[in-house]
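Colleague: I'm new to this one, could you walk me through it?

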Amino acid sequence: MRNHEPRASSSCAACKLLKRRCTPSCIFAPYFRSDEPKKFAKVHKVFGASNVSKILNEVPEEQRDETVNSLAYEAEARLRDPVYGCIGAIALLQRRMVELQVDLAIARARLARYSASSPPILNDHGSMIPTLAELPACGGFADCFSQISSDTMNDLSQFPYIF
Amino acid sequence: MASSSSYNCPCAACKFLRRKCMPGCIFAPYFPPEEPQKFANVHKIFGASNVTKLLNELLPHQREDAVNSLAYEAEARVRDPVYGCVGAISFLQRQVHRLQKELEAANADLIRYACNEVPTALPAPPGASSIESMAPRQRPVEYNRRMGNEGGYYQAPGMPMPYNLPWNDNPSGDTDGGGGNM
């Protein structure tokens, strides 16, 4: 009776998509499991398998997991928004940060009026509450993009939370 | 008499790819020859073929912004091969979160002052009834007034947090603060 040897472990998602044999030394296998086909499909569509392979070969092995995750995040963002990709999130967050800084300055200025008889409120750097004029201007990054719309700039919910 | 001035100057992409820059080259409007590094970065990270496909899927008026965002992402990835521009996103998320907490604390103090109390380390009282009874100028600054979603801080509904970055505020390898800037 012929013994039927068990098949080798299943191909990784990358080799399945690329329709090639998944070798034991496959650089994609540890990071693109066969049960997550969409992850590699997205990364492949945006960056290309060859470029991803080169990037992974450039980073230390212990950092490849994070590298793949950040590439997957970028790819997902680019597929959702082919014009701005991750840059939309950056512009939105920068604007949000400036808004919060302004609001915080206003709140602290009001607190200072209430506690006029108390020692002045110092910020984290030990200096007086900044005036509105000292705060960074809004825009800046977004000004580099002609078509970035106010709709894009207000919908943070489209960008998964990395934090 | 030959008169095409555009023929004489291949774009940065065609120079890099060592091919003839034809009239109608999709790269030419966005990769001028005086910015060779821009295309070099984009080519390294995304590849010319992928960029071509992407641009062909967009309307002409969208292509300039698309190329600029690709160039930005490519440069970020060249500088930080592990995190790329995702590092900047994570940094900014942390800053936004920190500022929101500080604003909440300041607003809580404002409420206490309005109620003639000295600010303490106690958490802000729940509910907004004490806020609504205050005069407008005494009300806490509504930090979420410009937000289109609730709560003032976003979480994609129905989408799990994809992963936690071992954030170190700097591109890969460093542990000091102040990173994330391009």
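**Helices and their packing**

Modeller: Chain B has six helices and zero strands, counting DSSP runs of H or I with at least four residues as helices and E runs of at least two as strands, numbered from the N terminus. This is a predicted model, in which local features need pLDDT of at least 70, side-chain atom pairs count only at pLDDT 80 or more, and totals for chains, interfaces and linings use all residues. Residues are numbered from 1 along each chain as written, chains are lettered from A and ligands numbered from 1 in written order, and side-chain values use heavy atoms, without hydrogens or water.

Colleague: What does the UniProt annotation say about residues 89–116 of chain B?

Modeller: The unreviewed UniProt entry annotates them as a "coiled-coil region", though such annotations may be inferred rather than shown by experiment. In the model that stretch is 93% helix and 0% strand, with its end C-alpha atoms 40 Å apart.

Colleague: Switching topic, how do the axes of α4(A) and α4(B) cross?

Modeller: They come within 13 Å of each other and cross at roughly 175°, using lines fitted to C-alpha atoms over the stretch in contact, with angles from 0 to 180 degrees between N-to-C directions. The two helices are therefore roughly antiparallel, the term for angles over 145 degrees.

Colleague: And which residues meet there?

Modeller: Among them, Leu71(A), Glu74(A) and Arg78(A) are on the α4(A) side, and Leu70(B), Glu73(B) and Arg77(B) are on the α4(B) side, where contact means heavy atoms within 4.5 Å.

Notes. Angles under 35 degrees count as roughly parallel, over 145 as roughly antiparallel, 65 to 115 as roughly perpendicular and the rest as oblique.
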